Amino acid sequence: MYRQRETNPYFLPPNIPPLEHAPQHPHFSPIPPEMPNARDQTHGSDSHFPNPTLPVPTRQQPQQHSGPQPYSGDSHLPTPVPPPRQQPHSGSRPHSQHHRHSSGLVQVPTRRKTQPFAWLVAGFCALFWVMVIVAGLAILIIYLVFRPRNPKFDITSATLNAAYLDMGYLLNADVTILANFTNPNKRGRVDFHYAILDLYHGGNLLASSYMDPFSTMSHESRFQDVHLVSSQVRLPLEHSQQLKKEVESGRVKFEVKGLFRARSNLGSFLQYSYWLYSQCTIVVTSPPTGVLIGRKCVTKR
């Protein structure tokens with residue numbers, strides 16, 4: 001039977017010679033065999049068909065390398081280009097953090113054990129602040145319940161028994177004062193452990209008097225007689241002349257200053273002590289029967 005001959009060179013089977021197993025370089029892939037040129041083929045030859053008795057050589061798969069492949073002029077496949085390496089930016093995260101995020105794993109930091117000394121300091125601080133808060137609440141409650149007020153000092157009456165100058169600058173004076181101590185609190189007692197009054201004229205100390213301890217109950221006023229006597233007290237020339245003018249005019253001015261140590265008793269377990277400072281300005285008539293005609297007292301804590 002007649003067999004038709006193939007005349008198109010593109011459909012003719014290639015004439016592939018047997019491959020020799022040559023040693024391969026680890027970085028280069030083997031060069032594929034060249035395809036026969038269609039111009040060299042003769043249309044009337046049957047040698048283009050392979051011999052069925054000969055073994056057909058198999059094409060070996062090229063090894064994949066990470067590096068670039070050598071160029072082959074007869075290769076029909078494009079040479080793979082490795083991706084460019086990205087340089088880390090100045091504000092980028094460390095490689096370890098990038099690897100953790102790229103892999104989807106987040107490492108949880110381990111907790112450190114608190115030392116016993118830290119717990120002890122924290123306990124003392126907490127206890128201290130609790131005590132401060134409790135003390136503040138107690139003071140607030142006591143203030144709202146008792147509403148403590150400072151005692152008051154006043155001069156009810158004063159008498160100028162004598163006032164004259166020896167040699168023109170040595171003062172001799174005799175003054176009697178009726179002092180009034182008032183406790184304005186609704187609850188509690190006030191005890192005066194220390195009380196002293198000083199008599200001044202023009203800033204010059206003339207006499208002092210000490211009073212015995214006493215107590216005042218709630219809403220109670222206590223009166224104390226205080227006798228102040230000065231003898232041969234030297235006065236500056238201008239002050240002695242000022243005193244002569246006041247005695248002649250019938251308006252003699254004195255200052256009385258008091259220092260008191262008081263203690264408020266709001267209960268059997270609630271007591272507190274404090275200092276009181278009083279200052280009074282009195283005006284009396286001329287001796288020997290000088291009486292009080294004006295006064296002004298201020299008491300501060």
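Colleague: Which residues have the most contacts inside the largest nonpolar core?

Modeller: In this predicted model, the largest nonpolar core has 36 residues, and those with the most contacts inside it are F153, I177, F181, F192, F254, V256 and F260.

Colleague: And which strands each supply at least two residues of this core?

Modeller: At least two core residues come from each of β1 (152-166), β2 (170-183), β3, β4 (204-211), β6, β7 and β8 (271-284).

Colleague: Take F254, then. What is F254 in contact with, leaving aside its neighbours within four places in sequence?

Modeller: With those neighbours left aside, F254 is in contact with L160, L199, Y200, H201 and L206, and also with C280, T281, I282 and V284.

Colleague: Switching to rings, how many aromatic pairs does a search of the whole structure find?

Modeller: The search finds 11 aromatic pairs. One of them joins F192 and F260, whose ring centres are 6.3 Å apart with the planes at 85°, so this pair is edge-to-face.

Colleague: Where in the chain do F192 and F260 lie?

Modeller: F192 is in strand β3 (residues 189-201) and F260 is in strand β7 (residues 252-265), so to speak of this pair is to speak of a link between distant parts of the chain, 68 residues apart. Both F192 and F260 are buried.

Colleague: Which residues do ring pairs link into a cluster?

Modeller: The cluster that ring pairs form takes in F153, F181, F192, F214 and F260.

Colleague: What about Q224, is it buried or exposed?

Modeller: Q224 is buried, with a relative accessible area of 17%, and this residue lies in strand β6 (residues 220-234). Leaving aside its neighbours within four places in sequence, Q224 is in contact with I177, L178, A179, F181, M211 and F214, and of these F181 and F214 are also members of the ring cluster.

Colleague: Back to the tyrosines: why is the pair of Y272 and Y274 tilted?

Modeller: The planes of the two rings are at 35° and their centres are 5.7 Å apart, so the Y272 and Y274 pair is tilted, given that planes under 30 degrees apart count as stacked and those over 60 as edge-to-face. Y272 is partly exposed, with a relative accessible area of 24%, whereas Y274 is buried, at 4%.

Colleague: Which charged end sits over the ring of Y274?

Modeller: That is the charged end of R301, 4.2 Å from the centre of the Y274 ring. Elsewhere, the charged end of K257 sits over the ring of Y200, 4.8 Å from the ring centre, and Y200 is also among the residues in contact with F254.

Definitions and conventions. Residues numbered from 1 in each chain as written. Predicted model: local features only at pLDDT ≥ 70, side-chain atom pairs only at ≥ 80, totals over all residues. Heavy atoms only, no water. Phe/Tyr/Trp six-rings, centres within 6.5 Å; stacked < 30°, edge-to-face > 60°. Helix = DSSP H or I, 4+ residues; strand = E, 2+ residues; numbered from the N terminus. Buried < 20%, exposed > 50% of the residue type's maximum accessible area, 1.4 Å probe, protein only. Lys NZ or Arg CZ within 6 Å of the ring centre and 35° of its normal. Contact = heavy atoms within 4.5 Å. Core = buried A, V, L, I, M, F, W, Y, C linked by side-chain atoms within 4.5 Å.
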